[in-house]
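Biologist: Could you walk me through how to read a model like this one?
Modeller: Gladly; let us look together.

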Amino acid sequence: MNRRLFLRSGLLTAGALTLAKQELIANLFQQPAWKIQMLTENIGVFTERGGTILFNFTADGIVVVDSQFPDQSNHLIEELKKRNQGFALLVNTHHHGDHTGGNISYKGLVKHVLAHENSLVNQKAAAAAQKSEDKQLYPDRTYRETWCEDIGGERMCLYYFGAGHTNGDSVVHFEDSNIAHMGDLCFNRRHPFVDRSAGANMKNWITVLEKTKKKLDKKTRYVFGHSAEGYQILGTHEDLSKFGEYLNGVLDFTDKEIKAGKTKEEFIKTTTLPFKTEWSGDGLARPLTAAWDELTAPK
C-alpha cells in the first residue's frame, strides 16, 4: 500500500484542512499496511511485503502457505490466532526469503513445515551464505514429485513439475476449494526474477505452466506470488497461458539478438520488448539476463 506516500505528497501539503479531513487522515494512519482477503469461508490471502500468503482454516488446524518476513508473519499470526485454532501445517512454495523468512515466527506454533526437497537444500544453502542459520525454521517434511493429504476436510496436494523459477517450486492445490497457490511460478504482469543460481530454467518453466494447467482445470482459481501495480494476485488459467507466452517471447527475442551479434551488455539495456505483451515497467533486465545466460550456457 502507498497510503503514507500519498498523504505526504498530497493531502498533508495541501494548505488548511478541515477537521473532518484531519480525522480521516488520522484514521488512515491507524489502519494496518497489510490486507486480508477471504476467497471462501475458510480460505484467504494475506498481502503486505513479500510473496503472497494463503491460509486455510480446517478442522485439524490452520494451514498456511508461505510466510513473507518475520514482522509480516507476526501480523498474520496475531490475526489468525483470533480463531482460537492451532497451526497444523506451514508450506513453503520455494526457498526465497520473501516466502520463508517469516517461518521462524511459527517456531513452537506449527506442527510441521513442508516443501519440495530441493527447496530445503536451497534454503539451507542460502542461509549458510548469508550466515542467517539461526533465523531459519526449515521444513521437516519434504517430497519429490507429489504430496497429497486430507487435512481437516480439505484434500491438499503439492506438485513438482520440474525447474522453473527455481529448481524447487511447488504448486499447492486445495482440491475441494479448487484454489492453487503458484508461489513465484507466476508473476502477474510483473517481470520475474529467474534464479539461475538455484536451478531456474525458463524453457522448462513454460512446460511447468502447461503441466499445471493440464493437472488442474479451467475453473481453478490461482494465487500468484507477485503482481505488478494495478494487477491482482489472483488469476485464471488464461493468466498462466499469458505468462507462458511472455516467457517464450523473451527467449525468442534473446535468441535472435544473440544470433544478430549483440553483446550481453548491450542486450540487457533493452527497455521494451519487441512483441505484444502486457508485461512492462521496471525489472526487464532480470529475465533478459537469465535468458541470455541460459541460451549461452555450455551444453
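**Reading the core and a helix pair**

Modeller: Of the 35 residues in the largest nonpolar core, those touching the most other members are V171, M182, M202, W205, F243, Y246 and L247. A nonpolar core is a set of buried Ala, Val, Leu, Ile, Met, Phe, Trp, Tyr and Cys residues joined through side-chain atoms within 4.5 Å; buried means under 20% relative accessible area, with a 1.4 Å probe and protein chains only. This is a predicted model, where local features need pLDDT of at least 70, side-chain atom pairs count only at pLDDT 80 or more, and totals for chains, interfaces and linings use all residues. Residues are numbered from 1 along each chain as its sequence is written, and side-chain values use heavy atoms, leaving out hydrogens and water.

Biologist: How do I describe two packed helices?

Modeller: Use the angle between their axes and the distance between the axes. The axes, lines fitted to C-alpha atoms over the stretch in contact (heavy atoms within 4.5 Å), have angles from 0 to 180 degrees between N-to-C directions. For α6 (residues 202–215) and α7 (residues 237–259), the axes come within 9 Å and cross at roughly 165°. Angles over 145 degrees count as roughly antiparallel, so α6 and α7 are roughly antiparallel to each other.

Biologist: Is N122 buried or exposed?

Modeller: N122 counts as buried because its relative accessibility is 13%. N122 lies in helix α5 (residues 117–130).

Terms used: Helix = DSSP H or I, 4+ residues; strand = E, 2+ residues; numbered from the N terminus. Buried < 20%, exposed > 50% of the residue type's maximum accessible area, 1.4 Å probe, protein only. Parallel < 35°, antiparallel > 145°, perpendicular 65-115°, else oblique.
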